[in-house]
Amino acid sequence: MTTIKEVAKLAGVSVATVSRALNNSGYVSEEARKKVESAVKELNFYPNEVARSLYQKKSKLIGLLLPDIANPFFPLIAKGVEDGVNQRGYSLLLGNVEDDLEKEKDYLKIFAQNNIAGVISAVQGDIKDLQNMPFVLLDRVESDQNFSVHSDDYTGGMMAAEAIVSRDPKEIVIMVGPKEVPSSAVRLAGNQKVLKDHQLDYQIFQTSSFKLELAEQTAEQFFDTYPNVDSVIASNDVYAMAVMKEALKRGHRIPEDVQIIGYDDMPFSRMMYPGLATIAQPAYEIGYRGAKLLCDILEKGFVEVSRIQLPVTLKIRESVRKKDEHE
Ligand code: RIB
């Protein structure tokens, strides 16, 4: 197989010049470029991507780790990341970790074998495995973590509680997301701040997962635990939808008997009826800005802003009661 050294010898230029010419990276004189193109054609040289990456000590691949692509939140993140890296000439290798840390380690090995340029991870947990490569964290990040993009969970928690407080709640239950996900505690703190300010009592139901396949059984346990609930602040839209289904199965009217607000604003939340009131996270934008941040790190070696927090918005729909006749 023809090598880059043979091309350089025939063209009468350095290997670095051939590499710059092939990758359009850095200055190459018109004369040198023509010599390289002629040598490439004569030697029928098609740079092997892995060989190119080994020579350059980086590939044009970026690894993306997601906790669970079955949850509709994460494909939106992935689309944002894909568009962001593609615009900068990179391709994506996706690792669906499914909350399995062994799977995460396996994917990191695969990424390393493919000589990836960097990693973008939405998987919560210890980042020591990422330390030996450029990385950016998304969504499930501690508030003080650098090279991260997430949305404002505290304000989101406050907004969700305000939406319930202003709609005549009687028995409030907060369905809290899994403890290992940093945003769960932050959203809860926002909920509790508002409920305390309004001197309202509430109960807490701790969930152990955001997994879609556990949502329905969790909703059954929820109503078995709190049969008199009339206002639910749910941990995410998938679990809010399961709560809506279980409430209807038990003969409750929505929102008259049980009002519910979710978190994320997935496409189905506005398509179903009654529509799910929720807190909209900019999932696509989180992915896109994370891709931009990593590419800036790779290409410039520095970034002005290394920790990005994006705003969330309240979406009022039929799953909560009307605040007054004007709404
Ligand atoms: O629905 C999945 C949840 O986990 C979302 O709230 C998102 O923030 C992710 O962390």
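**Close-up 1. Helix α9 passes helix α10 in a right-handed crossing.** A crossing gets that name if the near helix is turned clockwise from the far one by less than a right angle, and it is left-handed if the turn is anticlockwise. Helices here are DSSP runs of H or I with at least four residues, strands are runs of E with at least two, and both are numbered from the N terminus. Helix α9 covers residues 215-225 and helix α10 covers residues 237-249; they pack at an angle of about 55°, with their axes 8 Å apart. (An axis is a line fitted to C-alpha atoms, for helices over the stretch in contact, and angles run from 0 to 180 degrees between N-to-C directions.) So α9 and α10 are oblique to each other. In angle terms, under 35 degrees is roughly parallel, over 145 is roughly antiparallel, 65 to 115 is roughly perpendicular, and the rest is oblique. On the α9 side, the contact includes Ala-215, Thr-218, Phe-222 and Phe-223, and on the α10 side it includes Val-238, Tyr-239, Ala-242 and Lys-249. Contact simply means heavy atoms within 4.5 Å. Sorted by class, the residues of this contact are 9 nonpolar, 1 polar and 5 charged. For the classes, Ala, Val, Leu, Ile, Met, Phe, Trp, Tyr, Cys and Pro count as nonpolar, Asp, Glu, Lys and Arg as charged, and the others, Gly among them, as polar.

A quick note before you go on: this is a predicted model, where local features need pLDDT of at least 70 and side-chain atom pairs count only at pLDDT 80 or more, while totals for chains, interfaces and linings use all residues. Residues are numbered from 1 along each chain as its sequence is written, and side-chain values use heavy atoms, with hydrogens and water left out.

**Close-up 2. Helices α7 and α8 also meet in a right-handed crossing.** Here you're looking at α7 (residues 153-165) and α8 (residues 182-197), whose axes are 7 Å apart and which pack at an angle of about 40°. That angle makes α7 oblique to α8. Among the residues that meet are Tyr-154, Gly-157, Met-158 and Ala-161 in α7, and Val-186, Ala-189, Gly-190 and Val-194 in α8. By class, this contact has 9 nonpolar, 4 polar and 4 charged residues.

**Close-up 3. Helix α1 crosses helix α3 at roughly 125°.** The axes of α1 (residues 4-11) and α3 (residues 30-43) come within 8 Å. These two helices are therefore oblique to each other, and their crossing is right-handed. From α1, Glu-6, Val-7, Leu-10 and Ala-11 take part, and they meet Lys-35, Val-36, Ala-39, Val-40, Glu-42 and Leu-43 in α3. Count by class and you get 7 nonpolar, no polar and 3 charged residues.

**Close-up 4. Asn-96 sits in strand β2.** The strand runs over residues 91-96. With a relative accessible area of 11%, Asn-96 is buried. (Buried means under 20% relative accessible area, exposed means over 50%, and partly exposed is in between, using a 1.4 Å probe and protein chains only.) The side chain of Asn-96 reaches the backbone nitrogen of Ile-69 at 3.0 Å. Leaving out residues up to four places away in sequence, Asn-96 touches Leu-66, Pro-67, Asp-68, Ile-69, Lys-103 and Tyr-107.

**Close-up 5. Ile-174 is found in strand β6.** This strand spans residues 172-176. Ile-174 is buried too, at 1% relative accessibility. Find Leu-188: it is 14 residues from Ile-174 in sequence and 7.8 Å away in space, C-alpha to C-alpha. Not counting residues up to four places away in sequence, the residues that Ile-174 touches include Leu-188, Leu-195, Ile-204, Phe-205 and Ile-233.

**Close-up 6. The loop between β4 and β5 holds Asp-139 and Phe-147.** The strands on either side are β4 (135-138) and β5 (148-151). Asp-139 has a phi near 65°, a positive value in a residue other than glycine. Phe-147 isn't a glycine either, yet its phi is positive at about 55°. Asp-139 is buried at 4% relative accessible area, whereas Phe-147 counts as partly exposed at 31%.

Close-up 7. Pro-255 is in the loop between α10 and β9 (259-261). Pro-274 belongs to the loop between α11 (267-271) and β10 (278-280).

Methods: Polar contact = N/O pair within 3.5 Å; in protein donor to acceptor, adjacent residues only side chain to side chain.
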